Amino acid sequence: MQSVKICTFNPKNPVNEFDVYALCKGLNSGKPLEKPCPNCFVLACKNQEEKDFYTTLLFGLWKIKHFYPYHTGSVIPFIRISDFKQVVKEQANKVSIQPQDFIQDVHKFKLIERKQKQIYEQMALLNDVKRALIYRHFHSKR
């Protein structure tokens, strides 16, 4: 796996459709983001496959709290870009030893994520139905 270019986010720089964003401040440092924010790192990927790889890698590392030992700062914890680059590079190399296994897990992860979004949408619709059922009793003109 080739190492990806990692830098801090700057709103003046152009945004690429294959960029992966990761939070760099707070207790959720390392968490992959869908949209950039002022406190994030940018992983400049070349294609969708690489973007999926790094998004899943970051999500896994964030979920198991792999970035916690690298937090610095007393009030608002943050992770240094040098530490972030080192961790991402090391873990990408570890995962790349058996790339087929990780690629299969990436596909499974994407399926689970899609299903999770569907369930969230269904939950929102059910909440709207519940609200409508109760609403009609209090705002009817009888």
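Q: Which residues have the most contacts inside the largest nonpolar core, and how many residues does that core have?
A: A nonpolar core is a set of buried Ala, Val, Leu, Ile, Met, Phe, Trp, Tyr and Cys residues joined through side-chain atoms within 4.5 Å, where buried means under 20% relative accessible area, exposed over 50% and partly exposed in between, with a 1.4 Å probe and protein chains only. Here the largest such core has 23 residues, and L43, Y54, L57, L58, F84 and V88 are those with the most contacts inside it. The model is a predicted one, in which local features need pLDDT of at least 70 and side-chain atom pairs count only at pLDDT 80 or more, whereas totals for chains, interfaces and linings use all residues. Residues are numbered from 1 along each chain as its sequence is written, and side-chain values use heavy atoms, with hydrogens and water left out.

Q: What is the order of the strands in the open sheet?
A: Strands of a sheet pair through backbone hydrogen bonds, either parallel or antiparallel, and two strands are taken as paired if DSSP finds at least two bridges between them. In this model, 4 strands form an open sheet in the order β1-β4-β2-β3, with antiparallel pairing. Strands β1 and β3 (32–33) stand at the edges with a single partner strand each, so one side of each has no neighbour in the sheet.

Q: Over how many bridges does β4 pair with β1, and over how many with β2?
A: Strand β1 (residues 5–8) and β4 are joined in the antiparallel sense over 4 bridges, with K5 opposite A44 and T8 having F41 as its bridge partner. Strand β2 (residues 19–23) pairs with β4, again in the antiparallel sense, over 5 bridges, and A44 is the bridge partner of D19. Strand β4 itself (residues 40–44) is mostly covered, since 4 of its 5 residues are buried.

Q: Which strands does helix α2 lie across?
A: Axes are lines fitted to C-alpha atoms, for helices over the stretch in contact (heavy atoms within 4.5 Å), and angles run from 0 to 180 degrees between N-to-C directions. Helix α2 (residues 81–95) lies across β1, β2 and β4, and runs at about 155 degrees to β1.

Q: How many aromatic pairs does a search of the whole structure find?
A: A pair of aromatic rings is described by the distance of the centres and the angle of the planes. Rings of Phe, Tyr and Trp (its six-membered ring) pair if their centres lie within 6.5 Å, and planes under 30 degrees apart count as stacked, over 60 as edge-to-face and the rest as tilted. The search finds 7 aromatic pairs in the whole structure. The ring centres of F53 and F102 are 5.0 Å apart and their planes stand at 75 degrees, so this pair is edge-to-face. Because F53 lies in helix α1 (residues 48–63) and F102 in helix α3 (residues 99–138), the pair ties together parts 49 residues apart in sequence. F53, at 9% relative accessibility, is buried, and F102 is buried at 14%.

Q: At what angle do the ring planes of F59 and F109 stand?
A: Their planes stand at 50 degrees, with the centres 5.0 Å apart, so the pair is tilted. F59 in helix α1 and F109 in helix α3 are 50 residues apart, and the pair thus links distant parts of the chain. F59 is partly exposed, with a relative accessible area of 27%.

Key
Helix = DSSP H or I, 4+ residues; strand = E, 2+ residues; numbered from the N terminus.
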